[in-house]
Amino acid sequence: MAWQLFRLGRWSFAHRKAVAAIWVVLLALLAVGAATLSGKTSDKFELSGIESTQAFDLIEERSPQAAPDGATARMVFEAPAGRSLTEPAYNSAVAAALRELATENVQTVSDPFTGGTVSDDGRVGYASVSYSKTSTELAESDRSALEDAAHTAEAAGLQVAVGGDAMSEVEMPLAEVIGIAVALVVLAITFGSLVAAGMPLLTALVGVGIGMLAITTLTGFVELGSTTPALGTMLGLAVGIDYALFIMSRYQSEVRAGRSLEEAAGRAVGTAGSAVVFAGLTVIIALVGLAVCNIGFLTQMGLAGAFTVAIAVLISLTLLPAILGFAGDKVMKGKPRYLAKQRTIGDEYRTHGRRWVEGISRRKWSALVGGIAIAAIAALPMASMQLALPDDSSKSVGSDARTAYDLISENFGPGANGPLVVVVDTANAPDPAGAVRTATGHLQALAARPGSDIAAVVPAVTSDTPQARQAFAQQLDTVRFATVTVIPGSGPSDQATKDLVAEIRAAVADLPAETGARALVTGQTAVGVDIADELSEVFPIYLAVVVGLAIFLLIAVFRSVWVPIKAALGFLLSVGVSLGATVAVFQWGWLNQLVGVDTTGPVLFILPILLTGILFGLAMDYEVFLVSRMREAYVHGTPARRAVIDGFTHSARVVVAAAIIMIGVFAGFALTDDVILKTIGFALAVGVLADAFLVRMLIVPAFMLIVGERIWWMPTWLAPLVPALDIEGERLTERLDRPADHTDEDRVLAPR
């Protein structure tokens with residue numbers, strides 16, 4: 001494969017105009033497609049087959065006009081101190097505001113005065129608004145109506161806050177600017193030239209542009225999650241810069257060794273490009289492997305991320321050498337800072353990396369044990385990790401959504417922000433109304449138990465008059481279901497509310513045998529509980545598939561059994577540190593102000609599996625980048641322990657630069673206002689920090705120096721079964737260094 005990549009890199013260098021034109025045309029075509037075919041994204045976290053979403057499906061099937069998973073809004077009205085909403089002027093202002101909410105997408109608007117949502121002192125009340133479409137599908141007129149209604153009430157002297165997802169709009173963050181700024185500084189220091197520094201940035205931005213335009217075009221045909229494009233941008237920018245950095249570094253080394261620019265480009269792609277291909281494959285395997293979970297939004301995230309990574313690999317192998325061809329010898333202008341003021345011994349540069357690894361070689365066991373101990377201590381908070389769906393309690397203090405959430409919690413109890421809905425399916429019940437009464441009785445009995453976390457049970461029929469009973473019976477005959485609302489005593493993300501979901505399901509478990517009806521528990525909290533349980537079940541399968549495939553790939557890359565196993569174990573340490581830090585900051589509140597978090601709460605429920613998939617691929621990137629140079633030195637005859645030192649000396653600078661760039665990209669997303677992107681960005685930044693600097697820079701060389709020659713062991717029976725990939729370019733180097741191997745076919749590829 002190294003030979004084919006060498007030819008690709010040299011061909012791209014020689015035919016740079018054609019290569020650049022192909023990518024520019026593709027970018028333009030996708031831009032047109034995105035402008036004309038794009039659709040809207042969705043912010044729904046759903047999973048088919050679980051009880052909470054089955055309840056949504058039942059409602060939509062029996063009552064097609066209903067939209068149980070549509071957007072919602074809560075408009076909270078607060079009268080001045082000592083005044084009451086029941087005063088005629090304020091009552092009229094609330095009524096006028098509610099009238100302004102009516103749009104074609106509004107299904108229902110509750111009245112605080114008739115719906116019982118006015119506080120005991122009369123100062124605070126709220127109206128619930130339900131829509132027939134999700135928040136990303138709402139028209140601008142829907143949001144304008146909410147704003148106009150708020151202004152009407154405020155003009156009368158009321159304080160108004162609007163919560164819920166109806167006001168949330170999907171915005172691509174400006175976090176990329178932070179990542180690009182960090183990357184530019186690091187690349188300029190690494191290469192000592194702004195021209196050279198700009199090339200990885202240019203190719204990465206082209207790759208991100210192509211990836212995002214393709215995903216945007218796809219939204220015209222498939223509904224994608226609102227976080228999917230942002231995740232693709234995050235990954236595409238990070239790996240795109242890193243992969244180009246690795247090839248650029250090798251290109252400069254080849255030029256300094258006296259190669260022609262064209263041959264240097266070919267050799268860089270043939271050697272470093274091989275590492276990029278297999279590093280990219282590990283990331284792609286980890287991301288595509290999310291499909292094993294059979295959870296739609298996770299599969300979308302994984303496939304979108306894998307696509308942007310694949311584009312980054314292709315651009316690094318083709319567009320980068322083409323741009324190098326345009327730049328000529330300008331890319332070699334300036335002396336890299338890492339070569340300045342360095343002592344030499346023989347032919348070896350005494351780089352900081354070499355001094356670091358030689359220091360580790362003198363204290364191998366201390367470095368290994370100390371590194372593992374640090375990782376274990378940092379991972380301890382993970383033991384108390386709690387998971388939940390994000391809600392308005394995680395929004396910034398002072399924001400409209402957070403103000404509305406806090407007012408409702410203070411005046412109506414925290415559970416009012418996340419009611420549970422029990423859907424009673426009466427299709428097979430001989431006495432439908434009796435079945436609903438029985439289900440309601442079970443729930444009321446549960447609420448009456450000492451220590452129960454149920455604040456209130458709202459029956460399907462709140463009036464017991466003959467007329468109300470008759471109307472309810474007619475309704476049951478038509479839709480064959482009823483809903484009973486349960487108001488928890490705790491907030492939506494509290495563990496007590498999650499436990500309550502299980503208690504309610506246990507309380508109504510015998511309903512089919514008793515009445516022929518069945519009860520399904522739903523609501524956002526129930527959805528989060530069900531998805532978290534499903535993720536817990538599939539996570540071991542996912543981990544086994546992804547790690548197994550990646551280990552086999554790394555066995556083929558390094559012709560060793562211990563290197564891949566060591567890489568996987570090191571990755572587990574990185575995940576532990578990342579999750580531990582995330583729990584400490586987001587759940588415990590340690591140093592949370594540094595990332596703009598002013599409240600604590602459970603960790604994003606999809607983070608563990610999503611972090612595992614992404615970080616595993618990125619960790620294997622650093623493993624390939626670092627160990628491939630060690631392997632290269634070893635196969636060229638350097639003793640095993642010396643090969644570790646020599647390989648580390650050559651690759652540590654690039655790995656450190658790549659890690660700093662990736663940390664900068666992810667940290668930029670950690671500073672956004674979106675809690676989902678903030679959590680993912682923070683966890684990935686910490687994970688890369690731990691993996692690159694603690695695991696790959698400390699634990700890996702210490703372990704390899706201790707094990708020595710045995711690190712490259714492979715069973716005799718396994719060797720013939722594993723393809724020889726020549727990632728270190730040994731056969732490529734031999735072939736190129738023999739003049740007889742330069743055939744007429746090779747000369748055809750020379751530039752004209």
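In this predicted model, F412 is partly exposed, with a relative accessible area of 22%. Its ring forms an edge-to-face aromatic pair with that of Y126, at 5.0 Å centre to centre and with 80 degrees between the planes. Y126 belongs to strand β3 (residues 124–131) and F412 to helix α14 (residues 400–412), so this pair ties together parts that are 286 residues apart in sequence. In contrast to F412, which is partly exposed, Y126 is buried, with a relative accessible area of 9%.

**Aromatic pairs and related contacts**

- A pair of aromatic rings is described by the distance of the centres and the angle of the planes.
- The count of aromatic pairs in the model comes to 9.
- W3 and F6 form a stacked pair, because their ring centres are 5.3 Å apart and their planes stand at 25 degrees, below the limit of 30 degrees for stacking.
- Both residues lie in helix α1 (residues 2–14), where a spacing of 3 residues separates W3 and F6 by about one helical turn.
- W3 is buried at a relative accessible area of 13%, and F6 is buried at 1%.
- One aromatic cluster is formed by Y243, F246 and F625.
- A charge also meets a ring: the charged end of R16 sits over the ring of F13, at 5.5 Å from its centre.

**The four-stranded sheet**

- Strands of a sheet pair through backbone hydrogen bonds, either parallel or antiparallel.
- An open sheet of 4 strands is arranged in the order β9-β10-β8-β11, and its pairing is antiparallel.
- The edges are held by β9 (454–458) and β11 (518–522); each has a single partner strand, so one side of each is left without a neighbour in the sheet.
- From one strand to the next, the twist averages 25 degrees.
- Strand β9 is joined to strand β10 (residues 481–488) by 4 bridges, and the two run antiparallel.
- Within this pairing of β9 and β10, A456 stands opposite I487 in β10.
- Strand β10 is also joined to β8, by 6 bridges and in antiparallel fashion.
- L420 has V486 as its bridge partner in β10.
- On the pairing of β8 with β11, there are 5 bridges and the strands run antiparallel.
- V421 stands opposite T522 in β11.
- Of the 6 residues of β8, 5 are buried, so this strand is largely enclosed by the rest of the structure.
- Helix α15 (residues 432–448) lies across β8 (420–425), β9 and β10, and runs at about 165 degrees to β9.

**Loop residues around the sheet and elsewhere**

- T426 is placed in the loop between β8 and α15.
- With a relative accessibility of 3%, T426 counts as buried, because the limit for buried residues is under 20%.
- Leaving aside neighbours within four places in sequence, T426 is in contact with P432, V436, L476, R480, F481 and A517.
- R480, one of the contacts of T426, lies in the loop between α16 (466–479) and β10.
- R480 has a positive phi of about 60 degrees, although it is not a glycine.
- The relative accessible area of R480 is 38%, and this residue is partly exposed.
- L591 also has a positive phi, of about 55 degrees, and is not a glycine.
- The loop that holds L591 runs between α20 (562–587) and β12 (603–604).
- L591 counts as exposed, with a relative accessibility of 64%.

**The chain as a whole**

- The secondary structure comes to 25 helices and 12 strands.
- The chain has 752 residues, of which buried residues make up 56%.
- Among contacts between residues at least 6 apart in sequence, 81% join residues at least 24 apart.
- The accessible surface of the chain comes to about 30,400 Å², and 60% of this surface belongs to carbon and sulfur atoms.

Key:
Residues numbered from 1 in each chain as written. Predicted model: local features only at pLDDT ≥ 70, side-chain atom pairs only at ≥ 80, totals over all residues. Heavy atoms only, no water. Phe/Tyr/Trp six-rings, centres within 6.5 Å; stacked < 30°, edge-to-face > 60°. Buried < 20%, exposed > 50% of the residue type's maximum accessible area, 1.4 Å probe, protein only. Lys NZ or Arg CZ within 6 Å of the ring centre and 35° of its normal. Contact = heavy atoms within 4.5 Å. Areas by Shrake-Rupley, 256 points an atom, 1.4 Å probe, with all protein chains shown as cover. Pairing = 2+ DSSP bridges. Axes fitted to C-alpha atoms, helices over the stretch in contact; angles between N-to-C directions.
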